[in-house]
Amino acid sequence: MAERLGIGDKINAKIRAMRARVDQGKEMDYYFYNQPIEELRGGTRVRTQGREMLMFASYSYLGLIGHPRINAAAKAAIDKYGTGTHGVRSLAGSLDLHVELENAIAQFKHSEAAITFSSGYVTNLTAVSTLVGRHDVVICDKLNHASIVDGCFLSGADFVRFRHNDMDDLERCLRRAEAKATKLVVVDAVFSMDGDIINLPKTVELCRKHGAWLMVDEAHSVGVLGKTGRGIEEHFEMEDAIDLKMGTLSKTIPSVGGYLAGSDDMIHLFRHASRAYIFSAALPPAQAAAAKAAFEVILDEPERVETLRRNAAQFMNGLKQVGFDTMLTETAIVPVLCGADERAYEMVRYCQHDDIFVLPVVSPAVPDGTARLRATVTAAHAPDEIDQAIEVMGRAGKKVGII
Ligand code: PLP
């Protein structure tokens with residue numbers, strides 16, 4: 001390794017510490033990350049390192065990865081436009097496909113307009129940092145996704161966090177920020193490590209009362225919440241409750257990218273002021289076409305949303321029955337509380353040994369002592385596959401001493 005010898009240089013120390021942490025994990029057979037998937041069969045069976053496993057760690061909530069209509073749309077786009085664009089959206093990078101995708105998103109989200117970016121992560125960075133800056137305040141739920149947190153730091157606004165889903169604490173934060181001219185509240189619709197849902201009605205009420213704008217990250221709510229999978233507003237039967245709806249094209253939507261949906265004026269601002277839009281290349285044609293087809297499939301095949309809801313209930317209730325603590329989840333993200341990091345690693349080792357692909361989430365991604373399996377269920381799972389996972393996880397839980 002090339003080392004630099006600056007006084008107080010910390011990069012060498014960081015490199016060594018990370019190498020040591022990962023090597024130790026590998027020695028103890030605790031390292032499960034970055035396993036390449038070699039094949040996907042039927043939406044739920046994956047081949048990795050030569051072994052076939054049942055996938056219970058996928059974000060493809062409606063089982064749309066590999067959907068023939070979506071694949072065909074992506075292939076047709078490559079034949080028509082090639083594999084890349086000619087640059088950034090504002091210059092030569094915009095295709096009619098991007099406009100069609102943005103119109104489809106706006107319609108799906110019941111918004112006046114929408115805009116797309118090259119990842120969900122970048123979408124959150126640019127959303128927060130375009131809207132607020134120095135002298136403003138941005139108020140976040142404590143468990144918001146890292147990309148929102150990074151957007152808050154990038155913005156330079158005062159960054160305040162309220163206790164998770166605690167509406168009294170949100171109101172306290174809003175009161176304390178009363179002197180700020182611009183207040184932005186940002187929350188996840190469904191929390192990515194816990195699977196619970198933000199109290200949207202109360203959040204909206206408080207934002208209106210205190211003159212704050214509201215942005216909601218729907219990465220895990222599109223396709224999951226609401227009768228037709230349109231997300232959190234549909235779930236709570238609220239219209240026009242959210243000023244800015246953010247989502248990804250990489251979870252229920254089997255593509256890549258992110259979007260913002262809102263009023264025509266708000267989206268116009270992003271199209272001309274967002275640095276991520278102005279200075280980063282457009283989505284490739286295949287990915288834009290796949291995303292557009294996926295929004296259409298969700299509306300044309302509504303039974304998928306219902307199947308997901310049934311599967312999530314079967315999975316969650318089955319895990320509870322064998323004695324696991326699945327925390328506060330109400331969705332397809334089902335945390336299985338293990339406690340210490342080592343117990344989560346042990347659980348994963350036993351599960352993967354018995355061909356159930358789940359992954360651990362450990363500190364610092366979650367608070368110390370709340371390491372968990374972050375299992376996910378999709379509409380593609382058959383009931384007997386879910387039963388198989390519950391049985392394997394139950395056996396593992398007994399061996400590790402969690403249940
Ligand atoms: N927001 C939430 C809540 C997420 O869970 C994620 C990804 O895990 C993102 C944003 C970032 O989206 P992407 O992976 O599409 O960049």
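Reply: Between domain 1 and domain 2 an area of about 1,400 Å² is buried, and carbon and sulfur atoms give 58% of it; buried area here is the accessible area (1.4 Å probe) that two parts lose on being put together, summed over both. The model is a predicted one, in which local features need pLDDT of at least 70 and side-chain atom pairs count only at pLDDT 80 or more, while totals for chains, interfaces and linings use all residues. Residues are numbered from 1 along each chain as its sequence is written, and side-chain values use heavy atoms, with hydrogens and water left out.

The domain assignment gives domain 1 as 29-58 + 302-400 and domain 2 as 68-300, bounds of this kind coming from an automatic or database domain assignment. Taken over C-alpha atoms, the centres of domain 1 and domain 2 are separated by 27 Å. At the interface, 17 residues of domain 1 are in contact with 20 residues of domain 2, where contact means heavy atoms within 4.5 Å.

Asp194 forms a salt bridge with Arg372, and their closest N and O atoms are 3.2 Å apart. Nine residue pairs, with both residues at pLDDT 80 or more, are in polar contact across the interface of domain 1 and domain 2; a polar contact is a pair of N or O atoms within 3.5 Å, and within protein one must be able to donate a hydrogen and the other to accept it, while residues adjacent in sequence count only if both atoms are side-chain atoms.

On the side of domain 1 that touches domain 2, the elements giving two or more residues are α13 (303-321), β11 (333-339) and β14 (371-376), where helices (H or I, at least four residues) and strands (E, at least two) are DSSP runs, numbered from the N terminus. Of these, α13 gives the most, with four residues. The residues of this side divide into 10 nonpolar, two polar and five charged, with Ala, Val, Leu, Ile, Met, Phe, Trp, Tyr, Cys and Pro counted as nonpolar, Asp, Glu, Lys and Arg as charged, and the others, Gly among them, as polar.

The strands β11 and β14 also belong to an open sheet of three strands, in the order β11-β14-β13, with antiparallel pairing; two strands pair if DSSP finds at least two bridges between them. The edge strands, β11 and β13 (360-361), each pair on one side only. Between β13 and β14 the antiparallel pairing runs over two bridges, and Pro360 stands opposite Leu373 in β14. In the loop between β13 and β14 lies Pro364, and the peptide bond from Ser363 to Pro364 is cis, with omega near 5 degrees.

Note on methods
A salt bridge is a side-chain nitrogen of Lys or Arg within 4 Å of a carboxyl oxygen of Asp or Glu.
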